[in-house]
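Student: I'd like to go through this one by asking how we know what we say about it. Can we take it step by step?

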Amino acid sequence: MTSTHGIHTIDTGFVRPKFDAAYLIVEKGRGAFIDCGTNYAVPRMLAALADAGLTPADVDWLILTHVHLDHAGGAGELIAQLPNAKLVVHPRGARHMIDPSKLWAGATAVYGQAVMEETYGHLRPIPAERVIEATDEYVVDLAGRPLICLDTPGHAKHHNSIYDARANVCFTGDVFGLSYREFDNANGPFIVPTTSPVQFEQEALHTSIDRLIALKPEAMYLTHYGRVENLERLAADLHVQIDAMVERAHASNGKPDRHVVLKNLLTDLYFERAQAHGWTQDRDALCDVIGMDIELNAQGLEVWLDGQKKAA
């Protein structure tokens, strides 16, 4: 766990090391978590508190970027351990934290009961009186340190990014893409957009990225994974790839094996860009790092394609 401006990066342990991050912000002896991983991350979250010299009673806030389970699956269990904390979440996500049954049912329909229990554990409801719906520009006060919730759709309609004005950084959930440290080299970080199911919106994602960049932050803190800088370059990379991914989605459409075709087209795109960035390993090694994300990106683009067809 590292700390800059009182910001501590916590590896939630989900999937593999340095895949899924949550954050602890400490200000004047008070704490705020941003995202929390799954139920199985709760011991790591509490250990991070102890490492920072805080107790569970010192935490005022658990702020969620959105309610996808790798970000929020452990929220109910964690809040139960934090006697004074309130949950802050986008208005579209609040009901799923108060009653997670639909969230659980939807994910179980995709992955199956056994996988859900093994991967996430049961979702614990959060009492409604402990949930705050954060509309656009809602300010969370952490001991006088403003944490500003910004409505940033494109990855999900229930997505907030958090601007920490004191540190001049953004906590971006999934809206500013994913950047795994395995790709870091002398050219800096490598980044890929995430279009995972089911609410990808091309133009909204472009707009959200531009909104965050307009703040001129010093760094972005990504869930997948950690702090990145070189933000103007990364934003440009994201914009180019979002449009390239949509082009490849259209190219795959109508083919009987659309999903396989789209996955291959996306893999080609990321491999070419990774090589240009200085990636020296082969295509299989790239898939070892981002294979799950390629699968989810393809699924999300297909949901988007089908939605476009219905809207036409």
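This is a predicted model: local features need pLDDT of at least 70, side-chain atom pairs count only at pLDDT 80 or more; totals for chains, interfaces and linings use all residues.

Student: How do you know which strand pairs with strand 2?

Tutor: Two strands pair if DSSP finds at least two bridges between them. Strand 2 and strand 3 (residues 21-27) have five, and they run antiparallel. Ile10, for one, stands opposite Ala22 of strand 3.

Student: Why is Gly173 called buried?

Tutor: The cut-off for buried is under 20% relative accessible area. Gly173 has 1%, so it counts as buried. This glycine is in strand 11, residues 169-173.

Student: What does Gly173 touch, leaving out residues up to four places away in sequence?

Tutor: Thr65, His71, His159, Tyr221, Leu222 and Thr223. Touching here means heavy atoms within 4.5 Å. Arg130 is 43 residues from Gly173 in sequence, and their C-alpha atoms are 22 Å apart.

Student: What makes strand 8 and strand 9 a hairpin?

Tutor: Look at the pairing and the turn. Strand 8 (residues 138-142) and strand 9 (residues 145-151) run antiparallel and share five bridges, with Tyr138 partnered by Cys149. Two residues lie between the strands, and Ala143 in that turn has a positive phi of about 50°.

Student: Which other strand does strand 9 pair with, and how do you know?

Tutor: Strand 10, residues 160-164: five bridges join it to strand 9, and the two run antiparallel. At least two bridges are needed for a pair. Asp151 stands opposite Asn160 in strand 10.

Student: Now the whole chain. Why can its radius of gyration be said to agree with a compact globule?

Tutor: A compact globule of 312 residues would come out near 20 Å, and the chain has 19 Å, so the two agree. The C-alpha trace spans about 55 × 45 × 35 Å along its principal axes.

Student: And how much of the chain is buried?

Tutor: 56% of the 312 residues. As for the folded elements, the chain has ten helices and 13 strands.

How values were computed:
Residues are numbered from 1 along each chain as its sequence is written. Side-chain values use heavy atoms; hydrogens and water are left out. Helices (H or I, at least four residues) and strands (E, at least two) are DSSP runs, numbered from the N terminus. The radius of gyration is taken over C-alpha atoms; the globule rule is 2.2 Å times the number of residues to the power 0.38. Buried means under 20% relative accessible area, exposed over 50%, partly exposed in between (1.4 Å probe, protein chains only).
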